[in-house]
Amino acid sequence: MTGAARGLGEMILHELFKTGEEMVITGVDLSWEAEEIKVPENVKFIKFSADLSEEKNVRDLWAKIIVNGPVHLLINNAGVAKKKLFKELEFKSYEHTFKTNLFAPVLLS
């Protein structure tokens, strides 16, 4: 699962914990410890921090994930949003948004 660091991703994560399945969790900042977000003791997971706005990071992340076995379900929840008017944004902002929100899920899929 990508984008598991907070918000909707963290909520989805708690629902996935109920399945008892082994999972790989990714996010930009996964500095939390299992006790902090109340991970059940029977849940096995691996977490990787990754900035998915760069192709190399996406490919490196995928290489780390598949070493652990086949992927049966991919939840692409990673995403960024800019809190400015469209006309106020610079090209770099568009580029970062598209790389994270569009290209990363395509590469992972």
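Modeller: One term before we start: helices (H or I, at least four residues) and strands (E, at least two) are DSSP runs, numbered from the N terminus. The model is predicted, so local features need pLDDT of at least 70, side-chain atom pairs count only at pLDDT 80 or more, and totals for chains, interfaces and linings use all residues. Residues are numbered from 1 along each chain as its sequence is written, and side-chain values use heavy atoms, with hydrogens and water left out.

Colleague: Fine. What does the secondary structure of the chain come to?

Modeller: Three helices and two strands. Along the sequence the pattern reads α-β-β-α-α. The C-alpha trace spans about 50 × 25 × 20 Å along its principal axes.

Colleague: At what angle do helix 2 and helix 3 pack?
Modeller: About 30°, with the axes 10 Å apart. Helix 2 covers residues 55–66 and helix 3 covers residues 91–108. Axes here are lines fitted to C-alpha atoms, for helices over the stretch in contact, and angles run from 0 to 180 degrees between N-to-C directions.

Colleague: So what do we call that?
Modeller: That angle makes helix 2 roughly parallel to helix 3. Angles under 35 degrees count as roughly parallel, over 145 as roughly antiparallel, 65 to 115 as roughly perpendicular and the rest as oblique.

Colleague: Which residues make the contact?
Modeller: From helix 2, Glu 55, Val 58, Arg 59 and Trp 62. From helix 3, Ala 104, Leu 107 and Leu 108. Contact means heavy atoms within 4.5 Å. By class, five of these residues are nonpolar, none polar and two charged. Ala, Val, Leu, Ile, Met, Phe, Trp, Tyr, Cys and Pro count as nonpolar, Asp, Glu, Lys and Arg as charged, and the others, Gly among them, as polar.

Colleague: New topic. What volume has the largest pocket?
Modeller: About 540 Å³. On a 1 Å grid over the protein atoms alone, a pocket is an open set of points with protein on both sides within 12 Å along at least five of seven lines, a cavity is a set where a 1.4 Å probe fits but cannot get out, and lining residues have an atom within 4 Å of a point. Grid points are joined across faces, edges and corners, and a volume is the space filled by probe spheres set on the points.

Colleague: Which residues lie nearest its centre?
Modeller: Glu 22, Met 23, Val 24, His 72 and Leu 73, out of 21 lining residues in the largest pocket. Strand 1 (23–27) and helix 2 each give two or more. Strand 1 gives the most, with three. The lining has 13 nonpolar, six polar and two charged residues.

Colleague: And the second largest pocket, what is its volume?
Modeller: About 400 Å³. Gly 3, Arg 6, Val 28, Ala 78 and Gly 79 lie nearest its centre. Helix 1 (7–17), strand 1 and helix 3 each supply at least two lining residues. Helix 1 gives the most, with three. This lining has eight nonpolar, 10 polar and three charged residues.

Colleague: How many cavities of 30 Å³ or more are there?
Modeller: One. The largest cavity holds about 30 Å³ of space. Its lining includes Thr 2, Leu 52 and Ala 104. By class, that lining has five nonpolar, three polar and no charged residues.
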